[in-house]
Amino acid sequence: MKTWKKVLGVSALALMTAGLAACGSQKDASTDSGTSGDSKTLLMYQVGDKPENYDELMKIANKRIKEKIGVTVDLQYIGWGDWDKKMPTIINSGESYDIAFAYQYVANAQKGAFADLTELSQKYAKDYMDQLPEMYKKGNEVDGKLYAIPVYGNAWAQQVLTFNDQYVKKYNLDISKVDGSYQSATEVLKQFHEKEPNIAAFAIGQSFNASSNMDFPLGKDYPFAVRLDADGAPKIINQYEDKEFQDNLKTLHEWYKEGLIPTDAATNTTGFPLEGNTWFMREETQGPMDYGDTILRNAAQQDLTSRPLTQQLKTTSQAQMANFVVSNTSKNKEKAVEFLNLLNTDPELLNGLVYGVEGKAWEKVGDDKLKLLDGYKPNEHMAAWNTGNNMILYTQDTITDEQIKERDESIENAKTSPILGFNVKTDNFKTQLSSIMNVMNRYKANLNTGSIDPEKTIPEMVSELKKAGWDDAQKDMQKQLDQFVKDNK
């Protein structure tokens, strides 16, 4: 599972946990023939780990779905480890399926694998689409058309530095001055390291990417970024040539030399369990549906405290975080969209999937809150982040009305990226991108974990990136971005 997905899994674990997912078969199931009695059955692919009580959950859900819209759903799961292999096969083979968690959303939409939902969503999912913030619609437009029904979840994301409270309290450490930069955490990390030299002060591994107040049109793994505070029209730069980003890498390198970062960080793929005591500080991603540290604490089963590192930001990647698409091979496009509308507007249906069986895992408290019962188990329900509209989920009775108010205000007030809705077409520089990624694979982990000196290494890396075609790729991307800005004035 990719790092971001892992973060999401942890984040969603709060009220929900387990992802959806693991498909056992890739049968060519024509959905017209997939019927149950007189009812059509929609074939749907989801990603994640299959709940242990899947049969019970889906029996309850399908009863509700059939009552409401006259169909049932065959929800098949594909595990994270198989996702990148199985979904391309399903898509490229032309298999007939109805709905899927989007795989490479923009690229597959552009090549015609997904149905155009621009009009269908307004006709068959208008109730839900009217609830969605504009950022989800703008962020999912591909060449002016909509190909997905997105899950309304964490509309913004923010990187935070999270501290293990057991050590903060044990050694009476002051983390209040950690605010908005890695540098601000240096003193408290040193203090902890003096007390516990054998425990990771800053727990990071091979997949770690240093954060900054930037947006990344191709994701953090690529050396292309747009500063959020730059004057004028957005410009695509190499973040590794940006002074502020370089300062962050210098700080991480100093931490590494002082033993504040594990010596094997650049090669470590196992990570540090959230619920364990093997770490003092880590970097996490949070959004409005996390209610501060509430969800993270639930997942960790221990007290944690986070301090802000970056701004709360609405981005294209957030808008596309959990998309459901309808296959162009589907013979039931209208019903598929109608089902996605139901899933995102029917609290009884969605809460039963995300929290588990009512009366066994949870009970309702008042109009829109719930209490988790002893029967609530992490592996007996689906995840909130990639199932359905988080705004109609009942909140735990431990979540206050003030927290809900803060959630809603933050969604309204979070900063919007200047490149929200910008989807890069890479056709003209695919070869250069491949060469660029080869260069990054040699440098990225060592630089981002502080394992090597950025002052010596970055010039060498930049030179290799230019030889790989960085300038050509940047020029093409900037031309596309300029046109995007012009078209969206």
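Which helices do the buried residues of α16 pack against? They pack against α10, α17 (454-468) and α18 (470-487). The model is predicted.

1. **Helix α16.** This helix covers residues 430-448 and bends by about 40° at Asn 441. Its buried residues are Gln 432, Leu 433, Ile 436, Met 437, Val 439, Met 440, Tyr 443, Lys 444, Ala 445, Leu 447 and Asn 448. An α-helix has 3.6 residues a turn, so residues three or four places apart point the same way. Gly 450 follows α16, and its phi is positive, near 75°.

2. **α10 against α17.** Two of the helices named above also pack on each other. The angle between α10 and α17 is about 130°, and their axes are 10 Å apart. That angle makes α10 oblique to α17. From α10 come Gln 246, Leu 249, Lys 250 and His 253; from α17 come Pro 454, Glu 455 and Ile 458. By class, this contact has three nonpolar, two polar and two charged residues.

3. Lys 243 and Asp 247 pair through their side chains, at 3.0 Å from N to O. Both belong to helix α10 (residues 243-257) and sit four residues apart, about one turn of the helix. How exposed is Lys 243? Its relative accessible area is 60%, so Lys 243 counts as exposed. Asp 247 has 24% and is partly exposed. Separately, salt bridges with shared partners join Arg 227, Asp 229, Asp 242 and Glu 244 into one network.

4. The whole structure holds 24 salt bridges. One of them joins the side chains of Asp 346 and Arg 64, at 2.9 Å from N to O. Asp 346 lies in the loop between α13 (333-345) and α14 (347-355), and Arg 64 lies in helix α2 (residues 54-69), so the pair ties together parts that are 282 residues apart in sequence. Asp 346 and Arg 64 are both buried. Side chains of opposite charge can pair when their charged atoms come close.

5. **α2 against α14.** α2 and α14 pack at an angle of about 170°, with 10 Å between their axes. At that angle, α2 is roughly antiparallel to α14. Sorted by class, the contact has six nonpolar, one polar and two charged residues.

6. Asn 140 sits in the loop between α7 (134-139) and β5 (141-142). Its relative accessibility is 0%, so Asn 140 counts as buried. Beyond its neighbours within four places in sequence, Asn 140 contacts Tyr 105, Lys 145, Leu 146, Tyr 147, Ala 148, Pro 150, Ala 319, Gln 320 and Asn 323. Met 321 lies 181 residues from Asn 140 along the chain, yet their C-alpha atoms are separated by 9.9 Å. Met 321 is in the loop between α12 (316-319) and β15 (323-326). Met 321 is buried as well, at 13% relative accessible area. Tyr 182 is 139 residues from Met 321 in sequence and 26 Å away in space, C-alpha to C-alpha.

7. **Thr 395.** This residue belongs to strand β18 (residues 395-396). Thr 395 is buried, at 6% relative accessibility. What does Thr 395 touch, not counting residues up to four places away in sequence? Its contacts are Tyr 291, Tyr 355, Asp 368, Lys 369, Leu 370, Ile 404 and Arg 407.

Note on methods:
Residues numbered from 1 in each chain as written. Predicted model: local features only at pLDDT ≥ 70, side-chain atom pairs only at ≥ 80, totals over all residues. Heavy atoms only, no water. Salt bridge = Lys/Arg side-chain N within 4 Å of Asp/Glu carboxyl O. Buried < 20%, exposed > 50% of the residue type's maximum accessible area, 1.4 Å probe, protein only. Bend = angle between axes of the 7 residues up to and from the residue. Contact = heavy atoms within 4.5 Å. Axes fitted to C-alpha atoms, helices over the stretch in contact; angles between N-to-C directions. Parallel < 35°, antiparallel > 145°, perpendicular 65-115°, else oblique. Nonpolar A, V, L, I, M, F, W, Y, C, P; charged D, E, K, R; others polar.
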